Amino acid sequence: MPKFGVSIYSVSRKIEAGEWTAMQGIRWLAEQGAQSIEIVPFGIDFVKEPELIGKCLDEADKCGVPIENFSLNANFLQLTPAEYDQEMERVKGYIDISHKLKVPTMRVDCSAFRRPIETNTTANFIQELPTIIATYRELCRYAEPYGITILLENHGFHVNGSERTAQIFEAMKDVKNFGGQLDCGNFVCVDERPEIAIQKNIAYATTIHMKDFYIRPEERDPGDAKQFDCSNSWFRSVGRSYLRGSILAQGDLDMPKIIATIKHSGFDGNIYIEYEGMEDCLYGTKVSLDNLIRLWNQA
């Protein structure tokens, strides 16, 4: 039976605005029924404030809800050799932090979310695939003594899509501490139908992100689209559709079918709500978690 958790990213607006500390965020998530917590360092600077590691662990222990995943944005592509080495050093520093947080899994991106859309071509992906695989092999090698599994998420507009990510997973099959963070909503960023893409990628999943989107065709301009602002705003898919995060099961994705597919696959890892809609983040996160549990029980 999976654990139904929440990514602290869901309430990061309050943390980044200085209204909450990370510990207040952890406490609130636990109070809403989260069984596991994912940490994302938005508004939480473990590098400048290393004491936050112990404080977060203490708060999670008091609440009886473990911190079990750390998600990190990173970019190893389109860099000079010096820039690549610098990014590798930075990410390894966060693997050290994840070890201190005692998490068993850590999601690390390899491509920038804000990478220009026109560069996200199949030809570029094929050219960059050896770098992607070599990067994940090095990260897994570094994380292995800590017992941490490095996760690839279908995130952004380049290293996304069921076929592209499957190529990476297949190339990494011999690495025991490598897995997938399957984001059910992110497939629409590359114009794939999630209910089909999930069937292709569920076998690679170690953890899952649950999110929902509103989708509008290119000719229906909502008027406030910002390409790289996916929280509280519309943005564009690779195919130029308009997307905006929604409360889970209130958007345009076939969430009952998606959840049923995951449940009947036998998946039993952690499933994290990752809310990024325009509604109040506390309301949106709570309703999303409640809907996930309700739909799971009905599936």
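## Helices H2 and H3

In this predicted model, helix H2 (residues 22-31) and helix H3 (residues 51-63) have axes that come within 9 Å and cross at roughly 20 degrees. Angles under 35 degrees count as roughly parallel, and H2 and H3 are therefore roughly parallel to each other. The crossing in which H2 passes H3 is right-handed.

On the H2 side, the contact is made by Ala22, Met23, Ile26, Arg27 and Ala30. H3 contributes Leu52, Lys55, Cys56, Glu59, Ala60 and Cys63. By class, the contact of H2 with H3 has 8 nonpolar residues, no polar residues and 3 charged residues.

## Helices H5 and H6

Helix H5 (residues 122-143) meets helix H6, which spans residues 162-171. The axes of H5 and H6 come within 10 Å and cross at roughly 35 degrees. H5 passes H6 in a crossing that is right-handed.

From H5, the residues in the contact are Thr122, Phe125, Leu129, Ile132, Ile133, Tyr136 and Arg137. From H6 they are Arg164, Gln167, Ile168 and Ala171. The contact of H5 with H6 divides into 7 nonpolar, 2 polar and 2 charged residues.

## Helices H6 and H7

H6 also has a contact with helix H7, which covers residues 194-201. The axes of H6 and H7 come within 10 Å, and they cross at roughly 10 degrees. That angle makes H6 roughly parallel to H7.

In H6, Ser162, Glu163, Thr165 and Ala166 take part in this contact. Their partners in H7 are Ala197, Lys200 and Asn201. The residues of the contact of H6 with H7 are 2 nonpolar, 3 polar and 2 charged.

## The largest cavity

Rolling a probe the size of a water molecule over the atoms shows where empty space is left. Across the whole structure, a search finds 2 cavities of 30 Å³ or more. The largest cavity has a volume of about 60 Å³.

The largest cavity is lined by Leu152, Glu153, Asn154, Thr165, Phe169, Gly180, Gln181, Leu182, Asn201, Tyr204 and Ala205. Among them, Thr165 and Asn201 are also part of the contact between H6 and H7. Strand S5 (149-153), H6 and strand S6 (178-183) each supply at least two residues of this lining. S6 gives the largest share, 3 residues. By class, the lining has 5 nonpolar residues, 5 polar residues and 1 charged residue.

## The second largest cavity

About how much space lies in the second largest cavity? The volume is about 40 Å³.

The residues that line the second largest cavity are Ser111, Ala112, Phe113, Arg115, Asn120, His155, Gly156, Phe157, His158 and Val159. This lining divides into 4 nonpolar, 5 polar and 1 charged.

Definitions and conventions: Residues numbered from 1 in each chain as written. Predicted model: local features only at pLDDT ≥ 70, side-chain atom pairs only at ≥ 80, totals over all residues. Heavy atoms only, no water. Axes fitted to C-alpha atoms, helices over the stretch in contact; angles between N-to-C directions. Helix = DSSP H or I, 4+ residues; strand = E, 2+ residues; numbered from the N terminus. Parallel < 35°, antiparallel > 145°, perpendicular 65-115°, else oblique. Contact = heavy atoms within 4.5 Å. Nonpolar A, V, L, I, M, F, W, Y, C, P; charged D, E, K, R; others polar. 1 Å grid on protein atoms, 1.4 Å probe; cavity = no way out; pocket = protein on both sides within 12 Å on 5 of 7 lines; lining within 4 Å. Points joined across faces, edges and corners; volume = space filled by probe spheres on them. Left-handed = near helix turned anticlockwise from the far one by under 90°.
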